[in-house]
Amino acid sequence: MARSMSLVRTGLSWWPALLLATLVLFAVFAPWIVPVDPDRQNLLGRLKPPGFEARGHVFWLGSDELGRDVLSRLIYGARVSISVAFLSVALSGVVGVSVGMLAGYLRGTVETVLMRLVDIFLSIPAILLAIITVAVLGPGFINVILVLALTRWPRYARVAYGQTLALADRPFVTLARAMGASTPRVLFTHILPNIAGPLLVVATLEFGLMVLFEAGLSFLGLGVQPPTASWGSMLSTGRSYVASAWWIATFAGLALFLLVLSANLIGDRLSDQIGKGR
Amino acid sequence: MSLLAIDDLAIGAGELSLVDGVSLSVEPGEVVALVGESGSGKSLTALSIMGLLADGLQRRRGSIHFDGADLTQLDDEQLRSLRGSELAMIFQEPVSSLNPLAPVGAQVAESLIVHGRASVDGANREAVEMLRRVGIPEPERRARQLPTELSGGMCQRVMIAAALISRPRLLIADEPTTALDVTIQAQILALMSELAEEANTAILLITHDMGVVAELADQVCVMYGGRVVEQAPVEALFAAPRHPYTSMLLKTIPRLDEEPKQELFAIKGNVPSPHDWPAGCRFRTRCDRAMEQCAERPFMSGQVHRVACHHALGGDL
């Protein structure tokens, strides 16, 4: 208790957490805070600079190639980025951690098979695997999450495996077994809480990476499909107009930058804090 | 019928033989001490009873009968149902043997919960009561603390509470006081034997401390090099040790009634590593009574006081 309090007080300087919280709030409450419908087109007001006023409202961050409000699209884009990143981290984390803990605890054939599988996945370039899988499954919100989870679970498996190996021979694990605890109970109530710290660090850093991956897939047209707003697709279309309408790509890039930066800073702080606690 | 009867147990790892033909028995409610130097195979013997041998170690032969059932023939699930209910264990390092992130009360309640003997609430109440019985002050408050907030002695009390809460028939205590301060060793031992006696729990006590043996044990098994070399009731063993190793082991204890300032007795040489145990009697390279005949393996003989030596002290009984 005392330790987790001090983690919040001294471990996280406030602003990355505040920034992340703000972006999450924007994403959650998007329908209530956007100035206009992000999909509403205004072909007469295409590619207008920030501050442009039309139809009774101000385009604070300008309008895009179809005259849609960039600010509204950015806010809706946060929904896609954050939910894809969160769900893919959750899915790949659950799969990877389970695989890693089983391999590290059961050893033997299970270990060999699972960890070689991990090696195989790690040896395939992640973005290539993602592109191929999306090409097969087809693009879309759910598929992007599945694809990201498929390419990223080995990272959690590696960490969980190493941590579990280090714990499996500790006396308290043997004692738990001597008390009659079953394998799932040993894994989930005795080992998992003790390896949660490093896994949380990996998950936080992966979150930032997943935001970028999603943007990358959307940039390539393999992510969520138009007209759904996504930072990656805004970057992609904004690229064509960067000389005449810099605001589209710039603000999308800035939003991405801030989200990834805050996730990574939180991850670094957590990692430092856990290092100190040991 | 014996509560626990180990017969001709052998444990090995790869080429190595680490425990070779150990036989011993524990009667209900009895305290049996398993004595020997580090590496003599006492902890391996204990872990194999629980079915918790580390990876890479295998039971090569022999049987372990507990309450009539051969533990070596049980499947994992059957063995697990005995662990924590009928069989309990206490380890040497009290602090690292407890989960650093679980409150001690929950760890005491663990065996009741995993065996479904009580609801979580009921188990936690019983755990607090058990903490009170092992002499932990303010058990309600302590039960919510983490092991790191308790001293080593307190943690050992917690482990004893966790082991005895389900009133097991056999408690295996692997050097329960080695890691503790001398001043609290006696308290912990007294507590353990008192609680075990109340529940009629037999104890297999693993130790290398002859003082502890004299204090608690009914029967003593002396191990050397993975074999039992002598087995006797505690009084008989201390009064008239028959194996040269036991005799030397007893001589190493400094005595208060002897001339002070004389050099302490030590057994010459080191325990040979399992890679180069001598053929025949494994103690013969350090034994002052060794002869040619000792190159043949001596087997245990005798009825009450059993010894494995061709030239046992005190002649043929």
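Reply: In strand β4 of chain B, B:His65 is the bridge partner of B:Ala5. This is a predicted model, in which local features need pLDDT of at least 70 and side-chain atom pairs count only at pLDDT 80 or more, while totals for chains, interfaces and linings use all residues. Residues are numbered from 1 along each chain as its sequence is written, and chains are lettered from A and ligands numbered from 1 in the order in which they are written.

β1(B) and β4(B), residues 58–66, pair in the antiparallel sense over seven bridges. Strands pair here if DSSP finds at least two bridges between them. The elements are DSSP runs numbered from the N terminus: helices are H or I with at least four residues, strands are E with at least two.

β1(B) has another partner. This strand, residues 4–13, also runs antiparallel to β2(B), residues 16–26, and eight bridges join them.

Now to the neighboring chain. Contact between chains involves 18 residues of chain A and 23 of chain B; two residues are in contact if their C-beta atoms, placed from the backbone, lie within 7 Å. On the chain A side, α8 and α9 are the elements that give two or more residues. α8(A) gives the most, with seven. That side of chain A divides into eight nonpolar, five polar and five charged residues. Ala, Val, Leu, Ile, Met, Phe, Trp, Tyr, Cys and Pro count as nonpolar, Asp, Glu, Lys and Arg as charged, and the others, Gly among them, as polar.

Those two helices also pack on each other. α8(A), residues 171–178, and α9(A), residues 183–219, have axes 11 Å apart, at an angle of about 145°. Axes are lines fitted to C-alpha atoms over the stretch in contact, and angles run from 0 to 180 degrees between N-to-C directions. From α8(A), A:Phe172, A:Val173, A:Ala176 and A:Arg177 meet A:Val186, A:His190 and A:Ile191 of α9(A). Five of these contact residues are nonpolar, one is polar and one is charged.

Chain A as a whole has eleven helices and two strands. Its C-alpha atoms fill a box of roughly 75 × 45 × 30 Å along the principal axes.
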